[in-house]
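Open the model in your viewer and keep the selection panel at hand. Each stop below says what to select and what is there.

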Amino acid sequence: MNLEDTIYKRQSIRSYDATPLDNETLDEIRDFIDNAKELNPNIKWSYEILSTENISTMMRWKAPHYIAIFSDEKENFYQNIGFIFQQVDLFLQSKGIGSCWIGMGSPKNYKNPDDSQKFIIIISVGKPKGNLYREIDQFRRKSLDDISDKRDERLTPALLHNLHLQHPIPNHGISPTMMTAAMTYTELRAECLEAGFMENGIR
Ligand SMILES: Cc1cc2nc3c(=O)[nH]c(=O)nc-3n(C[C@H](O)[C@H](O)[C@H](O)COP(=O)(O)O)c2cc1C
């Protein structure tokens with residue numbers, strides 16, 4: 001599955017097979033991280049894939065691996081890390097590997113070689129015990145209206161996707177707030193078709 005298709009299926013995984021991933025897979029993950037796109041290439045960051053013994057979390061569950069992430073504290077450094085590692089999250093899930101960002105955790109008995117960098121977050125990684133993917137009807141999402149009052153054309157595909165989930169064609173009546181936030185549903189569809197956004201998740 002490619003990264004874009006994965007957006008519509010991925011979910012955080014909190015139940016893992018304890019068996020570690022093989023070295024070849026871990027190297028593939030490192031290779032992807034090393035080549036992921038950065039939001040701001042001027043911010044130095046680093047990571048290490050640690051095992052369970054080197055992690056302390058508040059979670060009741062454990063994963064065989066955790067990516068511990070560090071960064072220089074420059075403007076937008078959190079956004080930079082989010083931008084890079086959300087690609088990694090999609091990559092992992094596209095390969096059948098589960099992951100979950102964990103704010104409530106940190107490395108234990110591990111010191112980053114560059115101690116000027118701040119510890120940011122860990123991400124658990126491993127083969128999932130249950131289903132890796134979420135079916136489309138299992139998504140529970142707030143509407144974009146609830147989380148943003150900004151009109152941003154980059155959100156159009158997500159808005160359209162949301163509209164479709166709420167009002168599948170052919171009965172796609174949309175609420176007055178949605179109408180003011182966007183355009184008409186038909187206009188949105190036309191815009192997205194033209195931009196080539198219609199192949200994934202949006203019918
Ligand atoms: C910055 C960040 C920190 C998070 N911290 C935790 C955490 O400590 N524990 C946890 O179970 N999930 C954590 N999550 C995962 C979110 O709970 C999860 O992404 C959210 O519920 C949406 O679910 P989904 O990823 O399955 O779509 C975190 C997510 C982010 C982006």
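Start with β3 and β6: 7 bridges join these strands, which run antiparallel. Strands pair here if DSSP finds at least two bridges between them. Helices (H or I, at least four residues) and strands (E, at least two) are DSSP runs, numbered from the N terminus. Select Ile69 next; opposite it in β6 stands Ile121.

**Ground rules**

Residues are numbered from 1 along each chain as its sequence is written. The model is predicted: local features need pLDDT of at least 70, side-chain atom pairs count only at pLDDT 80 or more, and totals for chains, interfaces and linings use all residues.

**Whole chain**

Zoom out. The chain has 7 helices and 6 strands. Along the sequence they follow the pattern α-α-β-β-β-α-β-β-β-α-α-α-α. Of the 203 residues, 22% are buried. A residue is buried if 20 or more other C-beta atoms lie within 10 Å of its own, exposed if 12 or fewer, and partly exposed in between, with C-beta atoms placed from the backbone. Now consider contacts between residues at least 6 apart in sequence: 77% of them join residues at least 24 apart. Two residues are in contact if their C-beta atoms, placed from the backbone, lie within 7 Å.

**β4 against β6**

Select β4, residues 98-102. It is mostly covered, with 4 of its 5 residues buried. β4 pairs with β6 in the antiparallel sense, over 5 bridges.

**The ligand**

Which residues surround the ligand? Select Gln11, Ser12, Arg14, Cys100, Trp101, Ile102, Gly103, Met104 and Ile121. The shell uses a cut-off: a residue is near a molecule if its C-beta atom, placed from the backbone, lies within 6 Å of it. Strand β4 supplies the largest share of this shell, 3 residues. Colour the shell by class: 5 residues are nonpolar, 3 polar and 1 charged. Ala, Val, Leu, Ile, Met, Phe, Trp, Tyr, Cys and Pro count as nonpolar, Asp, Glu, Lys and Arg as charged, and the others, Gly among them, as polar.

**The nonpolar core**

In soluble globular proteins, nonpolar side chains tend to be buried together. The largest nonpolar core in this model has 24 residues. Such a core is a set of buried Ala, Val, Leu, Ile, Met, Phe, Trp, Tyr and Cys residues joined through C-beta atoms within 7 Å. Tyr66, Ile67, Ala68, Ile69, Ile122, Ile123 and Val125 have the most contacts inside the core. β1 (45-51), β3 (65-71), α3 (77-94), β4 and β6 (118-126) each supply at least two of its residues. β3 gives the most, with 5.

Centre on Tyr66. Leaving aside neighbours within four places in sequence, Tyr66 is in contact with Leu50, Ile55, Ile122, Ile123, Ser124 and Val125.

**Helix α3**

Select α3. At 1.5 Å a residue, its 18 residues should span 26 Å, and the end C-alpha atoms are 26 Å apart, which agrees. The expected span is 1.5 Å times one less than the number of residues. Show the buried positions: Asn80, Ile81, Phe85, Asp89, Leu90, Leu92 and Gln93. What covers them includes α1 (3-7), α2 (23-35), β1, β3, β4 and β6. Step just past the helix to Gly96, where phi is positive, about 80 degrees.

Go to Asn76, in the loop between β3 and α3. Asn76 counts as exposed because it has 12 C-beta neighbours inside 10 Å. Its phi is near 65 degrees, a positive value in a residue other than glycine. Not counting residues up to four places away in sequence, Asn76 touches Leu39 and Asn40. Draw a C-alpha to C-alpha distance from Asn76 to Leu39: 8.9 Å, across 37 residues of sequence.

Move to Met59, in the loop between β2 (55-57) and β3. Met59 has 13 C-beta neighbours inside 10 Å, so it counts as partly exposed. Beyond its neighbours within four places in sequence, Met59 is in contact with Ile102, Met104 and Gly105. Met59 and Ile102 are 43 residues apart in sequence and 8.6 Å apart in space, C-alpha to C-alpha.

Finish at Asn109, in the loop between β5 (105-107) and β6. Is Asn109 buried or exposed? With 9 C-beta neighbours inside 10 Å, it counts as exposed. Asn109 has a positive phi of about 50 degrees, although it is not a glycine.
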